[in-house]
Amino acid sequence: MIYVGIDVAKDKHDCFITNSDGEVLFKSFTIPNNREGFETLFQKVQSISDDLTKVKVGLEATGHYNYNLLGFLLDKGLPTYVINPLHTNLYRKSLSLRKTKTDKVDAHTIASMIMSDVNLKSYSDTSYHNEELKSLTRYRFDKVKERAKLKSSVSRLVCILFPELEKLVPTLHMASVYALLSEFPSAHAIASAHLTRLTNLLSESSHGRYGKDTAVIFREASRNSIGSDMPAKSLELKHTIKLIQELTSEIDEIEAEIKSIMDEINSPILTIPGISYNMGAMIIAESGDFSRFDSADKILAYAGMSPSTYQSGQLDNCYSHMEKRGSRYLRYALYNATKYVCHWDESFGTYLAKKRAEGKHYNVALSHATKKLVRLIFAIEKSRQAYMPTT
């Protein structure tokens, strides 16, 4: 068996090739991060083995830097292993007490690691193409987070310009309110607006829900408002609302792409009540190929949701805390999905209530429900069978 260790970087990659007997076939060498460099690596591998199934390639998960090389290796049919840098670091320290860390040493360490076969699973073609879904869900996550910040800015500006408005509407973040504030971004502007224009604006933006009566209420409130007349803040409010609307349009486009991929995947995770396309897609994308995991507990560990353990002699930690070492996106998706599943599925709701009755804090009880949800997801993804709620 041939083992290839690769330390990935932005502009170049350091490689080391050995065999099962520990014989060094190619000392550490560097290839540029381009097509020529990739081909050089592949030619060296071909020169020592005609059977590519007898070759194992290992590289660290280094964000987007390993993506192109990984795709090249998979297209060439090389069994490839993507390793968590934390595992590599711990493995390197176990080999020596000396503080030695270089790219060439890391390449050697990775080769030794896959040679020792420490419960590693090869990266499948399915996992590679699943990156498309991961990119979309993470992109959406960032856009939604950005939009939330802008919405907070709208609330802050309205508090300065027309503080009474918030008590007159269910929420500031609705189409009719945005339309109103885009044209009349202060109490002073609304107070001097023509009633007919206000009525038409509200009616059109709310699809007839709000009309003349609402326009009158808004105008009367604006005339008695304590809001400041600050043109600079009004301009900021108009621009912030415009940015929110643009972001919403982008998020809708991203969600349409996510839905298209999820429909193609046809994952049974969507049969669980409370799991939407977006949250289900994030769980699928961040988990990757479920065949990589031997049990549901491995998924929890991958998400960093396993309790930390510290025991030495007679000392044993009484209050275990969540490790929070894995994918923060997967942790976020599982945690939030559990809230909705507990609301919509009777068995999960009962389980959460039971844990709460035992005196557990809500977040602790929810973490127990998350473990139950992960076990369910693991089971249905393995069997590809739809979830059948228990009555």
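This is a predicted model: local features need pLDDT of at least 70, side-chain atom pairs count only at pLDDT 80 or more; totals for chains, interfaces and linings use all residues.
**Figure 1. A cavity lined by residues from several helices.** Let's start with the empty space inside the protein. Rolling a probe the size of a water molecule over the atoms shows where such space is left. Searching the whole structure turns up one cavity of 30 Å³ or more, and the volume of this largest cavity is about 40 Å³. To find it in your viewer, select Ile283, Ser287, Phe290, Ile299, Leu330, Leu334, Val374 and Ile377, which line the largest cavity. Helix H12 (277-287), helix H14 (328-344) and helix H16 (362-383) each contribute at least two residues to this lining. The lining is made up of seven nonpolar residues and one polar residue, with no charged ones.

**Figure 2. An aromatic cluster of Phe38, Phe42 and Phe72.** A search of the whole structure finds six aromatic pairs. In one of them, phenylalanine 38 and phenylalanine 72 form a tilted pair, 5.4 Å centre to centre with 45° between the planes. Phenylalanine 38 belongs to helix H1 (residues 35-48) and phenylalanine 72 to helix H2 (residues 67-75), so this pair ties together parts that are 34 residues apart in sequence. Phenylalanine 42 and phenylalanine 72 make an edge-to-face pair, because their planes stand at 90°, with the ring centres 6.4 Å apart.

**Figure 3. Charged side chains over tyrosine rings.** Two views are worth a look here. In one, the charged end of arginine 328 sits over the ring of tyrosine 329, 4.5 Å from the ring centre. In the other, lysine 372 lies over the face of tyrosine 351, at 5.3 Å from the ring centre.

**Figure 4. Positive phi at asparagine 266 and arginine 384.** Most residues other than glycine have a negative phi. Asparagine 266 is not a glycine, yet its phi is positive, at about 55°. You will find asparagine 266 in the loop between helix H11 (231-265) and H12, where it is exposed, with a relative accessible area of 58%. Arginine 384, also not a glycine, has a positive phi of about 60°. Arginine 384 sits in the segment after H16 and is partly exposed, its relative accessible area being 42%.

Notes: Residues are numbered from 1 along each chain as its sequence is written. Side-chain values use heavy atoms; hydrogens and water are left out. On a 1 Å grid over the protein atoms alone, a cavity is a set of points where a 1.4 Å probe fits but cannot get out, and a pocket is an open set with protein on both sides within 12 Å along at least five of seven lines; lining residues have an atom within 4 Å of a point. Grid points are joined across faces, edges and corners, and a volume is the space filled by probe spheres set on the points. Helices (H or I, at least four residues) and strands (E, at least two) are DSSP runs, numbered from the N terminus. Ala, Val, Leu, Ile, Met, Phe, Trp, Tyr, Cys and Pro count as nonpolar, Asp, Glu, Lys and Arg as charged, and the others, Gly among them, as polar. Buried means under 20% relative accessible area, exposed over 50%, partly exposed in between (1.4 Å probe, protein chains only). Rings of Phe, Tyr and Trp (its six-membered ring) pair if their centres lie within 6.5 Å; planes under 30 degrees apart count as stacked, over 60 as edge-to-face and the rest as tilted. A charge sits over a ring if NZ of Lys or CZ of Arg is within 6 Å of the ring centre and within 35 degrees of the ring normal.
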